Amino acid sequence: MTVLVFLDPGLENGRIADATKPQLMATDLGATRGDGIFESLLAVDGVPRKVQAHLDRLASSARIMDLDIPPADDWERAIATAVAEHAPAEELVLKLLVTRGVEGAERPTAWVQASLPGSAGREQRQEGLNVLLLDRGYDSNIAERAPWLLLGAKTLSYAVNMAALRYAKANGADDVIFTSTDGLVLEGPTSTVLMATVRDGVRKLTTPLLENGILPGTSQGALFNAAADAGWQLGYGPLEPHHLLAADAVWLVSSIRLLAPVKSIDGQAIPVSHEMTEELTALLAKGSRE
């Protein structure tokens, strides 16, 4: 079951649409050019997680794209409608999507989609990931020099990300960690990179620098807030591949998949800590509710 709720100025709580029938115009710039942005969040037992963080990032992406989008209150009401219209579920994936609209029109096309998550995310949380390092083709300073590349925005232009995942699967891996041409660790196609080290009893979580042209992770942010209260030290790169190989644990983190432990990088096995994965998953759940 999929529920679609379009944001409509004439309907306060959104317009419910039939997901089994075509709804998007063929001339919509989201379809013809990938000209739009989106967010994906998880609802657990009917309660959406990290709504404000996702709305903030959606607004940030819109500013980078010079795209006018509906206000946060409209999104919140449409999210509530989508959750209420969907059958009760332990986990529900909510996607917030907005395009520049039909070519020649003056307002965007915006909607919320609610659907059940696929089985892959749960399996990867339980079984772990084999990942490949792939060169993204940019150096780590490109975001500052070339803002038109939109590296800080979560756009609908996901062709490269999906191509990277297909390349991984064709080469016996599950996922990818992008690196810069100057050798820094960046992010996954749909995730944030996180690593843990334990040295002389000090536990530390580290993620790549945002300034290196990666998307700010809402899950990473929620986890860091909760982990700091639990006594973890926090750090932001710069990270290089050898740091991941020497870590006590590495994860790919996202709002839907949550924490998926990495068990090998370019065919080299790395440690997997089920104990830390369990603890950090609980902290992420705590941080996501606050």
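Helix α9 buries Met-276, Thr-277, Leu-280, Leu-283, Leu-284, Ala-285, Gly-287 and Ser-288. Buried means under 20% relative accessible area, with exposed over 50% and partly exposed in between (1.4 Å probe, protein chains only). This is a predicted model: local features need pLDDT of at least 70, side-chain atom pairs count only at pLDDT 80 or more, and totals for chains, interfaces and linings use all residues. Residues are numbered from 1 along each chain as its sequence is written, and side-chain values use heavy atoms, leaving out hydrogens and water.

**Helix α9**
- Helix α9 covers residues 274–289, 16 residues in all.
- Helices (H or I, at least four residues) and strands (E, at least two) are DSSP runs, numbered from the N terminus.
- From first C-alpha to last, α9 reaches 23 Å, close to the 22 Å expected at 1.5 Å a residue; the expected span is 1.5 Å times one less than the number of residues.
- Cover for its buried residues includes β9 (192–199), β10 (202–207), α7 (218–229), β12 (249–254) and β13 (258–265), where contact means heavy atoms within 4.5 Å.

**Aromatic pairs**
- Rings of Phe, Tyr and Trp (its six-membered ring) pair if their centres lie within 6.5 Å; planes under 30 degrees apart count as stacked, over 60 as edge-to-face and the rest as tilted.
- The count comes to three aromatic pairs.
- Phe-6 and Trp-111 are stacked, because their ring centres lie 5.5 Å apart and their planes meet at 25 degrees.
- That pair links strand β1 (residues 2–8) to strand β6 (residues 109–115), with Phe-6 and Trp-111 105 residues apart.
- Phe-6 is buried at 6% relative accessible area, and Trp-111 is buried at 11%.
- Phe-38 and Tyr-158 are edge-to-face, because their centres lie 5.2 Å apart and their planes are at 75 degrees.
- Phe-38 sits in strand β3 (residues 36–44), and Tyr-158 in the loop between α5 (142–145) and α6 (159–170), 120 residues apart.
- Both Phe-38 and Tyr-158 are buried.
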